[in-house]
Amino acid sequence: MLKILFLFSLVLVVSSMPGVAGAEPIQHHGYVVNAQGNSRECLACHDGSMAKAVSSCLNGRCPVGGSHPVDTPYPPAGHEGEYVATVSGSIRLLNGQVTCISCHNLQNPQPDHPSVDLATTNLCLNCHRK
Ligand code: HEC
Ligand code: HEC
Ligand code: HEC
């Protein structure tokens, strides 16, 4: 019961934060974070200060050896034909843009919290036609 009350008050606190659209508080490696956070919210920790710097993803391992842009329009103007027209519901865009939670779902307990099941689904082909 206390736990439920605690979680409820957490929801109230986070959802009353100014500028936090669609807040979804979740336990994340010892912190309560917004599972619908924008890249700025993620990078507040993932700049190496409190958690692994995301550069290990964006500049290295993540999109198989390349870097990947975030906060960029989906699909990019003039390149619509190269992208899947309507992305599946598990690929979330924020304000029509690719962001961290397009590829990550903090609710998914699998390693690296991918937004799709990497064992059965090619993450990249959810957006890229090839
Ligand atoms: C309050 C700080 C904080 C915020 C905000 C935060 N994280 Fe994290 N995250 C962590 C910590 C701590 C870990 C544990 C691994 C580490 O220390 O780097 C972690 C782990 C991860 C991992 C898994 C890394 C692995 O080794 O499996 C991913 C992916 C991740 N976070 C993505 C995100 C995304 C996407 C967001 C924004 C929606 C986010 N995080 C917001 C602190 C944070
Ligand atoms: C285009 C998809 C994509 C985007 C966008 C993306 N990631 Fe990732 N990220 C991945 C994948 C895939 C992995 C798993 C890497 C691997 O195991 O090769 C990963 C790994 C990570 C890890 C673990 C890195 C490690 O060294 O263990 C963290 C932390 C992370 N991402 C955070 C973020 C944050 C924060 C953002 C937004 C600034 C972001 N990611 C944007 C696909 C993405
Ligand atoms: C949520 C949709 C989405 C997913 C998932 C996604 N991408 Fe992308 N990707 C984009 C968009 C949109 C661009 C174009 C960004 C731009 O030009 O501003 C892009 C650009 C790229 C680029 C070109 C980068 C550059 O700076 O020119 C590469 C390489 C790439 N993606 C690889 C991958 C790989 C590999 C994966 C899977 C791990 C992946 N992408 C997953 C949407 C996605």
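Are Tyr 74 and Tyr 83 buried or exposed? Both tyrosines are buried, where buried means under 20% relative accessible area, exposed over 50%, and partly exposed in between, with a 1.4 Å probe and protein chains only.

## Basis of the report

This is a predicted model, in which local features need pLDDT of at least 70 and side-chain atom pairs count only at pLDDT 80 or more, while totals for chains, interfaces and linings use all residues. Residues are numbered from 1 along each chain as its sequence is written, chains are lettered from A and ligands numbered from 1 in the order in which they are written, and side-chain values use heavy atoms, with hydrogens and water left out.

## Confidence

The average pLDDT of the protein chain is 79, and 71% of the residues score at least 70; pLDDT is the predictor's confidence in each residue, from 0 to 100. Two stretches stay under 50: residues 1–20, with 8 contacts beyond four places in sequence, and residues 56–66, with 15 such contacts. A contact means heavy atoms within 4.5 Å. Where pLDDT is low, the predicted coordinates should not be read in detail.

## Overall architecture

The protein chain contains 4 helices and 4 strands, arranged along the sequence in the pattern α-β-β-α-α-β-β-α. Helices (H or I, at least four residues) and strands (E, at least two) are DSSP runs, numbered from the N terminus.

Of the 130 residues in the protein chain, 22% are buried. Among the contacts with a separation of 6 or more, 44% are between residues 24 or more positions apart.

## The tyrosine pair and a cis peptide bond

The whole structure holds 1 aromatic pair. Tyr 74 and Tyr 83 form this pair, which is edge-to-face, with 5.6 Å from centre to centre and 85 degrees between the planes. Rings of Phe, Tyr and Trp (its six-membered ring) pair if their centres lie within 6.5 Å; planes under 30 degrees apart count as stacked, over 60 as edge-to-face and the rest as tilted.

Tyr 74 is also joined to Pro 75 by a cis peptide bond, with omega about -10 degrees. Pro 75 belongs to the loop between E3 and strand E4 (97–98).

## Surroundings of ligand 3

Ligand 3 is surrounded by 17 residues, the closest being His 68, Thr 72, Cys 124, Cys 127 and His 128; a residue is near a molecule or strand if one of its heavy atoms lies within 4 Å of it. Strand E3 (72–73) and helix H4 (100–103) each provide at least two residues of this shell. By type, the shell comprises 13 nonpolar residues, 4 polar and no charged. Here Ala, Val, Leu, Ile, Met, Phe, Trp, Tyr, Cys and Pro count as nonpolar, Asp, Glu, Lys and Arg as charged, and the others, Gly among them, as polar.

A polar side-chain atom of Thr 72 is 2.5 Å from an oxygen atom of ligand 3. For His 128, a polar side-chain atom lies 2.7 Å from a nitrogen atom of the ligand.

## Ala 35

Ala 35 sits in the loop between strand E2 (31–34) and helix H2 (39–43). This alanine counts as buried because its relative accessible area is 0%. Leaving aside neighbours within four places in sequence, Ala 35 is in contact with Glu 24, Ile 26, Arg 92, Ile 101 and Leu 106. Leu 106 is 71 residues away along the chain, yet the two C-alpha atoms are separated by 5.6 Å.

## The segment after H4

Asn 108 is found in the segment after H4 and is buried, with a relative accessible area of 14%. Apart from residues up to four places away in sequence, Asn 108 touches His 113, Pro 114 and Val 116. His 113, in the segment after H4, is buried at 16% and has a positive phi of about 45 degrees although it is not a glycine. Asp 112 likewise has a positive phi, near 70 degrees, but counts as partly exposed because its relative accessibility is 49%.

Ser 115 also lies in this segment and is buried, with a relative accessible area of 7%. A polar atom of the Ser 115 side chain lies 2.8 Å from the backbone oxygen of Ser 102. Beyond neighbours within four places in sequence, the contacts of Ser 115 include Ser 90, Ile 91, Cys 103 and Leu 123.

Conventions: Polar contact = N/O pair within 3.5 Å; in protein donor to acceptor, adjacent residues only side chain to side chain.
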